[in-house]
Amino acid sequence: MERQNPIEKQPRHLLTISALNNDDLRTKVENLQKVIKDDASFINACLKAKAPTPTENHRLAFTASSFAEAAPKLQAYLNGQNDSTIHQGVANKPLPKVAFIFTGQGSQYVGMGQELYNTQPLFRETLHVCSDALAGVMQVPLIDVILGKNEDTSLIDQTLYTQPALFAIEYALAEVFAAWGINPDLVLGHSIGEYVAAARAGVFSFADGIKLIAARARLMQSLPPYGKMAAIAVSADKIVDKLEPYRHEISLAAINGDEAIVISGGGERVSAVAEHMKQNGAKVIMLTVSHAFHSPLVEPILDEFEAVAASITYATPTIELVSNVTGELASSDVCTAHYWRCHVRQAVRFAQGIRTAYKQGCRIFVELGPNPVLLGMARPLLTPDAIMLPTLRRRRSDWQQILDSIAELFVCGIDYYNAHFAT
């Protein structure tokens with residue numbers, strides 16, 4: 001497939017400085033100020049910043065698009081001025097564990113990752129590999145759906161395209177982070193996000209992951225679109241009894257927080273339960289979805305999906321993986337077709353999964369996805385020492401967002417190979 005336009009120059013860069021103590025840090029900033037005199041010298045300083053030694057725990061980092069933007073930041077630091085765009089801190093030992101969390105359906109939008117696609121070669125190439133792998137399955141190339149190159153921009157919200165598109169974006173982000181030397185200690189996802197998490201954990205290959213997510217999307221798209229889903233601000237134990245009389249039509253689809261659940265199933269039943277909860281004071285949001293995911297309505301596709309899942313090769317996770325089905329660390333159970341069948345049907349236990357990650361020592365949570373939906377759900381479940389970092393955010397520059405988060409990782413002690421930022 002033709003790559004649609006040449007790679008553009010990276011529009012923003014990250015400058016990192018590490019030192020033994022505050023005096024040493026100040027000296028290094030003063031020295032850099034003498035060296036950085038124009039755009040070329042600023043970019044060169046970003047690309048050639050030395051990796052910190054084990055004792056250089058005092059750190060500073062900021063992003064800028066040009067010398068004109070960078071110079072005032074260096075001076076602001078030397079003047080002791082507060083500047084929220086300058087990341088500064090002391091890396092503690094032992095280093096905090098990092099969890100990558102992968103976003104689920106609903107976070108997609110046309111043009112997600114567009115700036116990275118235009119400027120980051122590995123990200124771009126990974127998206128094309130995903131798109132090429134699905135060329136025989138989809139009428140419209142996946143890359144065109146993601147970037148809005150097709151006349152019908154609503155395709156991004158059709159499950160057939162949405163699920164592979166999110167898999168592609170999130171896998172590409174993980175590839176770029178790995179190339180920069182940033183790898184997680186633990187991974188988890190929300191619904192389809194777990195497919196990316198499992199692929200990164202080595203449960204199945206990238207190729208098998210694409211095969212599985214494409215089958216899931218195709219089969220779900222084939223279901224009648226008369227289901228509904230509703231997000232309700234109530235605890236799970238306060239609604240299960242309301243669902244029990246209709247267990248063949250409606251079920252709990254996700255437990256996202258202590259008082260944040262999603263129900264899914266037949267449209268009339270979901271609307272009735274949602275209205276009842278609303279009348280009793282609960283906040284209710286009817287979700288814009290094409291189908292009733294994680295509900296009895298998906299049961300007609302389970303046998304065929306399990307047959308596809310049985311055709312791929314599995315391996316025990318090589319890094320810690322949290323299961324949506326149990327909310328606990330996964331083991332060999334994820335290496336079966338039956339697990340992925342259950343994963344389609346059963347509720348997503350995201351709240352329990354986030355707490356499991358925290359119990360495993362994770363204090364930094366990086367959301368790899370087009371919009372930080374999961375961080376907002378996770379924040380109330382964690383103590384204030386947890387650091388929440390998005391990679392992309394809708395209506396914000398991709399590079400601004402991703403480099404700001406990497407700057408925060410850097411000052412926490414998580415290093416990266418800055419040579420990979422070269423354009």
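## Two buried tryptophans

Let's start inside the protein: W180 and W399 are both buried. Keep in mind that this is a predicted model. The ring centres of W180 and W399 are 6.1 Å apart and the planes meet at 40°, so this pair is classed as tilted. W180 sits in the loop between α7 and β5 (186–189), while W399 belongs to helix α16 (residues 398–411), so the pair ties together parts that lie 219 residues apart in sequence.

## Another aromatic link

F204 and Y314 also form an aromatic pair, this one edge-to-face, with 6.4 Å from centre to centre and 70° between the planes. It too links distant parts of the chain: F204 is in the loop between α8 (193–200) and α9 (206–221), Y314 is in the loop between α12 (302–309) and β10 (320–321), and 110 residues separate them.

Y314, at 17%, counts as buried because the cut-off is under 20%.

In total, the structure holds 10 aromatic pairs.

## The nonpolar cores

Some of these names come back in the largest nonpolar core, which has 113 residues. Y195, F204, W340 and F365 are the residues with the most contacts inside it. Helix α7 (residues 159–179) supplies the largest share of this core, with 13 residues.

Leaving aside residues up to four places away in sequence, W340 touches E194, Y195, A198, F204, L212, F305, A309, Y314 and V334. Apart from this core lies another one, of 19 residues, including A19, C46, L74 and Y77.

## A covered strand with two partners

Now to the strands. Strand β8 (residues 260–266) is mostly covered, with 6 of its 7 residues buried. Strand β6 (residues 227–232) runs antiparallel to β8 and is joined to it by 6 bridges; here I232 has I261 of β8 as its bridge partner.

Strand β7 (residues 250–257) is likewise antiparallel to β8, again with 6 bridges, and I250 is partnered with G265 in β8. β7 and β8 make a hairpin, with 2 residues between them.

## Charges over rings

Finally, two arginines are worth a look. R124 lies over the face of Y117, 4.8 Å from the ring centre. R363 places its charged end over the ring of Y358, at 3.5 Å from the centre.

Terms used. Residues numbered from 1 in each chain as written. Predicted model: local features only at pLDDT ≥ 70, side-chain atom pairs only at ≥ 80, totals over all residues. Heavy atoms only, no water. Core = buried A, V, L, I, M, F, W, Y, C linked by side-chain atoms within 4.5 Å. Buried < 20%, exposed > 50% of the residue type's maximum accessible area, 1.4 Å probe, protein only. Helix = DSSP H or I, 4+ residues; strand = E, 2+ residues; numbered from the N terminus. Contact = heavy atoms within 4.5 Å. Pairing = 2+ DSSP bridges. Phe/Tyr/Trp six-rings, centres within 6.5 Å; stacked < 30°, edge-to-face > 60°. Lys NZ or Arg CZ within 6 Å of the ring centre and 35° of its normal.
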